[in-house]
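Hi,

Here is the model I promised to pass on. Please have a look at it first, and then read my notes below.

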Amino acid sequence: MTADVTTQRPAGWRRPRGLRHRVAGLLVALLAAGGVWLVWHAAIDTSALRFVDVLSLDGAGVEGTGSTWGTYLWAFAEPVVTVVSKKVIFGVLVVACGLAVYRKRVVLAVQLVLLVGGANLTSQYLKSHVTRPDVGLGDTLYNSWTSGHTTAAASMSVALVLAVPRRFRPVAVVIGVLYTTTTGVGTMIGSWHRPSDVLGGLLVVLAWTGLVTALDGTLETGPATRASTTTVALLTGSAMATGAAAWVAIDRTLGLGVVLTEPSRADRLVAFGGGALAVVAVTCLVFACLTGLLGLADRDTAVSVTLPTQA
């Protein structure tokens, strides 16, 4: 008779490089890159969704017709949005890499640099080369695609989730979702970006997250935990619910564009709500994929042996 037991790592043991989460990471990266193109095509290259994008920006932004509503929201969002800077990004990256090195995960520290640097450089490149139509704020590049603030917030949050020990991961994920969502929606409230700009930034980060996962098979060690599965389920459910609500609002706004109806303030608020809910949905999706990839890494690197036992 035999039994499966998890053993202590013997001297000279080297962690096996898992395959499943590397393949899954590559698949996530490819799908996210496709999502980046899809958002660009739908919101910039398609007139109908471009109408939704413009109207949503005008719904609650401090520069739009919902200025009173937007001013109240901006008072809450401004401290969160304006904290993003190169110094803050560098500081968070140093902390995350320090945690990785402290945990004797030097390769992970390199992955974090690649993730944060690659995502933010990609976003800045797209911002400089993909110009949005003028939305009435004077400078078309000011509202260019993608959102650098959202990219920074999401990449910093993902880096910290990757860096912290497993027992702190669910808390780091919740904080990351809240911070990233607030930053993304906050740029809309401040009339800095349209929803598609924010969605593009989120998907850029997801693409780089999948890529760094695929490059190395040593993201995690030890057995998977139930918290990982629960977190993925909750985030996926949240993404589906908010995504469905966003689609209802966006579909209603699309109807306004078809019949060429002059949008009311309520129409603009609905458009803003649809865009904000879409941001929440994609943020939850990004962190669900991240948690799922880490869960696969947990399983891929767990080591068990079969030992004989007494009958």
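Let me start with Ser191, which is buried at a relative accessible area of 2% (buried means under 20%, exposed over 50% and partly exposed in between, with a 1.4 Å probe and protein chains only). Before I go on, please keep in mind that this is a predicted model, where local features need pLDDT of at least 70, side-chain atom pairs count only at pLDDT 80 or more, and totals for chains, interfaces and linings use all residues. Residues are numbered from 1 along each chain as its sequence is written, and side-chain values use heavy atoms, with hydrogens and water left out.

Back to Ser191: this residue sits in the loop between α7 and α8 (helices are DSSP runs of H or I with at least four residues, strands runs of E with at least two, numbered from the N terminus). Its phi is positive, about 60°, although it is not a glycine. Most residues other than glycine have a negative phi. Lys104 also has a positive phi, near 60°. Lys104 lies in the loop between α4 (86-102) and α5 (106-129), and it is exposed, with 76% relative accessibility.

The loop between α7 (169-189) and α8 (195-215) also holds Trp192, whose partner Trp74 is in helix α3 (residues 67-81), 118 residues apart from it. Trp74 is buried at 14% relative accessible area, and Trp192 is buried at 17%.

Finally, the helix packing. α4 and helix α6 (residues 148-163) pack at about 15°, their axes 9 Å apart; axes are lines fitted to C-alpha atoms, for helices over the stretch in contact, and angles run from 0 to 180 degrees between N-to-C directions. The two helices are therefore roughly parallel (under 35 degrees; over 145 is roughly antiparallel, 65 to 115 roughly perpendicular and the rest oblique). In contact (heavy atoms within 4.5 Å), Val88, Ile89, Val92, Ala96 and Leu99 of α4 meet Ala152, Met156, Ala159, Leu160 and Ala163 of α6.

Best wishes
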